[in-house]
Amino acid sequence: MKILLSNDDGYQAPGIVALYEALRDVAEVEVVAPEHNNSAKSNALTLHSPLYVHRAANGFRYVNGTPADCVHIALTGLLGYRPDLVVSGINNGANMGDDTIYSGTVGAAMEGYLFGIPAMAFSQTEKGWKHLDAAAARARELVQQMLAHRLVDSKPWLLNVNIPCLPLDELKPAKVCRLGRRHAAEAVITQTSPRGETMYWIGAAGPALDESEGTDFHATAQGHVSVTPLKVDLSDHDMLGYWAQSMTRLSARERT
Ligand code: MN
């Protein structure tokens, strides 16, 4: 079994080092990760500047690009083989609810999924790497289950996993849940630069809006590891009929 491991916090982040150490005897693991922090880069690809790949002393390869760049070039030429599983993380902080739209951690896993490879994104629910050893152990357990039950041989899937920052004996079993929702982000922060210009800093993500039972927010608040299967189709299937009718009505009105 071969695993491609990436992240969005950069190849030196404690989360990817811990996950590599946890997975290295489960499968053959190759790391291709961003050189620098690429949080909130989602699925971005770098098209207008060249990408370089270097190998660190520990064997990790790092790229001056985004998480999706790393997985993309790994799968389209760098590795020279097709991994059985793409793994991303462990991220420094939660990727729940609407975070998944922006997340570079999810973006790296999603790039694997788009190439038809099963993929898992792992995040700790709080920043700071507290109980990272426990999170790595649970991530390892989940990956092992996927490999042992041959789930990696099936059609591709994408799992978003969030692990509460708790010691191993306090972490509750994995719970499959839907994404919750967040409030709109907090206000932009402005400062004045030394040259007198206004600088804008994106504000923090909002608190949970939907954290009801069945969501990732709810499960992790109870101490469970949340597992959410994701899909990429953004079509609003429920609204297809409504918009078909509306567009027909509008074009009929234009003709009269
Ligand atoms: Mn991150």
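Student: In which helix is methionine 247 found?

Tutor: The model is a predicted one. Within it, the helix spanning residues 240-255 contains methionine 247. That helix is H7.

Student: Is methionine 247 buried, partly exposed or exposed?

Tutor: The relative accessibility of methionine 247 is 49%. Exposed requires over 50% and buried under 20%. Methionine 247 therefore counts as partly exposed.

Student: What is the area of the nonpolar surface patch that includes Met247?

Tutor: Met247 contributes to this patch together with Met239, Tyr242, Trp243 and Leu250. The area of the nonpolar patch is about 510 Å².

Student: How many residues of helix H4 are buried?

Tutor: Helix H4 covers residues 104-114 and has eleven residues. Among the buried ones are Gly104, Met110, Glu111 and Tyr113. Helix H4 is largely enclosed by the rest of the structure because the buried residues number ten of the eleven.

Student: Which helices are included in what covers the buried residues of H4?

Tutor: The cover includes strands S1 (2-6), S5 (85-92), S6 (119-124) and S7 (158-163). It also includes two helices, H2 (67-78) and H3 (99-102).

Student: Which residue caps the N-terminal end of H4?

Tutor: The cap is formed by a side-chain oxygen that lies 3.1 Å from the backbone nitrogen of threonine 105. The residue supplying that oxygen is serine 103.

Student: Which glycine follows H4, and what is its phi?

Tutor: The glycine after H4 is glycine 116. Its phi is positive, near 85 degrees.

Student: Is valine 176 buried or exposed?

Tutor: Valine 176 lies in strand S8, which runs over residues 172-176. Its relative accessible area is 66%, and the cut-off for exposed is over 50%. Valine 176 is therefore exposed.

Student: Which residues is valine 176 in contact with, leaving aside its neighbours within four places in sequence?

Tutor: Contact here calls for heavy atoms within 4.5 Å. With those sequence neighbours left aside, the contacts of valine 176 are Val227 and Pro229.

Key. Residues numbered from 1 in each chain as written. Predicted model: local features only at pLDDT ≥ 70, side-chain atom pairs only at ≥ 80, totals over all residues. Heavy atoms only, no water. Buried < 20%, exposed > 50% of the residue type's maximum accessible area, 1.4 Å probe, protein only. Helix = DSSP H or I, 4+ residues; strand = E, 2+ residues; numbered from the N terminus. Polar contact = N/O pair within 3.5 Å; in protein donor to acceptor, adjacent residues only side chain to side chain. Patch = residues over 30% accessible without salt bridge, like charges linked within 9 Å, V, L, I, M, F, W, Y side chains within 5 Å. Areas by Shrake-Rupley, 256 points an atom, 1.4 Å probe, with all protein chains shown as cover. Salt bridge = Lys/Arg side-chain N within 4 Å of Asp/Glu carboxyl O.
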